[in-house]
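The following questions and answers examine selected features of the protein model shown below.

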Amino acid sequence: MNRPDTQPAVEVTGLTKRFGSLVAVDSIDFNIRRGEVFGFLGPNGSGKTTTIRMLCGILLPSGGSGTVLGFDVNRESEKIKTRIGYMSQRFSLYDDLTVHENLRFYAGVQMVPRARQSERIAAMVRLSELEDRRDQLAGQLSGGWKQRLALACALIHEPDMVFLDEPTSGVDPVSRRRFWDMIYHISDEGTTVLVTTHYMDEAEQFDRMVFIYSGRLIAGGTPADLKRDSFHARLWDIDCAPVAAAAELLRNHPQVQDVSIPGNVLHVTTALDFADPGVFVKALTDGGIKVRSVEEASASLEDVFVYLTRTLENESRHAGGAP
């Protein structure tokens, strides 16, 4: 049955997964447009992988409803599997097979017609820039090259959508950038991509995203939307020395909500109506800290996520419950 392209690639309502008394995914709602690069962000253990496994038809939901490419996650999991690609955190390459042999193996597993296998393997070798390594054993590849090969194997059958579960974990910055070039390329060709990550610097790459925390979605939108609408605080960058001692001194200041040290600058979060950073200068100077400058800063997506999770933790503490 043909599904209209106007339908969202993914649409879920109240999707829930329980493992005994543990609620791993707690009644989440979101949608993904066709051709979108969509981010699923959150710390380890937040429910990202469990959600992906439900959407891929690997786990049956405990509650709620959802569709992937128009197919029902509760009733049509086998149809979903034929239309998607999936790259897990530890994608199962065969170390004792070459690059070409791995691609040929997955072409067979995914039932790529024999007449098209050579064409698809050649296309994936070009996409992943593995031409000079096609006869190299996968076990001899570096981490970054292995990830490229893993993505190529997940794409060998031309899926309409691909799920990438923390694909750049443990990969060096140059390899991460090249991997993202591959993601943009397949998105430009119309493939819908869902990427889970806990790297907040990667979040700027997404068309839209959701933040998940303790199994619940806590915010969603474009990167610009989230920074504009979900961060109800002010940020101050304080150039001072010694910076570690300064952070310790301000951590218990009554006007400070959070302190971090990105690079060698003190990053201080305050209430939205706070407007007198001079009190920090005085406190630091009185404490023997040399202050060179204080400037208001713009929130990053990491700032937004930390703000949202700390707000939830504080609300939970006041309510006497768990986050």
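Q: In which helix does Val109 lie?
A: The model is predicted, so local features need pLDDT of at least 70 and side-chain atom pairs count only at pLDDT 80 or more, while totals for chains, interfaces and linings use all residues. Residues are numbered from 1 along each chain as its sequence is written, and side-chain values use heavy atoms, without hydrogens and water. Helices (H or I, at least four residues) and strands (E, at least two) are DSSP runs numbered from the N terminus. Residues 99-109 form the helix that contains Val109, namely H3.

Q: Why does Val109 count as partly exposed?
A: Buried means under 20% relative accessible area and exposed over 50%, with partly exposed in between (1.4 Å probe, protein chains only). Val109 is therefore classed as partly exposed because its relative accessibility is 45%.

Q: Which residues make the nonpolar surface patch of about 260 Å²?
A: Patches are made of residues with over 30% relative accessible area and no salt bridge, joining like charges within 9 Å and nonpolar side chains (Val, Leu, Ile, Met, Phe, Trp, Tyr) within 5 Å. A salt bridge is a side-chain nitrogen of Lys or Arg within 4 Å of a carboxyl oxygen of Asp or Glu. The patch is made by Tyr94, Phe105 and Val109.

Q: Which element of the protein chain has the lowest mean pLDDT?
A: The predictor's confidence in each residue, pLDDT, runs from 0 to 100. The protein chain averages 92, and 96% of the residues score at least 70. Strand S1 (residues 10-19) has the highest mean among the elements, 98, whereas the lowest, 84, belongs to helix H10 (residues 301-319).

Q: How many residues of strand S8 are buried?
A: On one side of S8, Thr192, Leu194 and Thr196 are all buried, as are Val193, Val195 and Thr197 on the other. For strand S8 (residues 192-197), the buried count is 6 of 6.

Q: Which residue stands opposite Val195 in S8?
A: Two strands pair if DSSP finds at least two bridges between them. Strand S3 (residues 37-41) pairs with S8 in the parallel sense over 5 bridges, and Phe40 stands opposite Thr196. Strand S7 (residues 161-165) also runs parallel to S8, joined by 5 bridges. The residue opposite Val195 is Leu164.

Q: Which residue in S5 is the bridge partner of Thr67?
A: Strands S2-S1-S4-S5, in that order, form an open sheet with antiparallel pairing. Its edge strands, S2 (22-32) and S5 (71-72), each pair on one side only. S4 (residues 63-68) and S5 are joined by 2 bridges and form a hairpin with 2 residues between them, where Leu69 in the turn has a positive phi of about 55°. The bridge partner of Thr67 is Asp72.

Q: Which residue in S13 is the bridge partner of Val259?
A: An open sheet of 4 strands has the order S12-S13-S11-S14, with antiparallel pairing. Its edge strands, S12 (258-260) and S14 (290-297), each pair on one side only. S12 is joined to S13 (residues 266-271) by 3 bridges. Val259 is partnered there by Val268.

Q: How far apart in space are Thr222 and Glu204, C-alpha to C-alpha?
A: Thr222 is found in the loop between strand S10 (216-221) and helix H7 (223-229). Because its relative accessibility is 23%, Thr222 counts as partly exposed. Thr222 and Glu204 are 18 residues apart in sequence, and their C-alpha separation is 8.7 Å.

Terms used. Accessible areas come from the Shrake-Rupley method with a 1.4 Å probe; for residues, only the protein chains shown count as cover.
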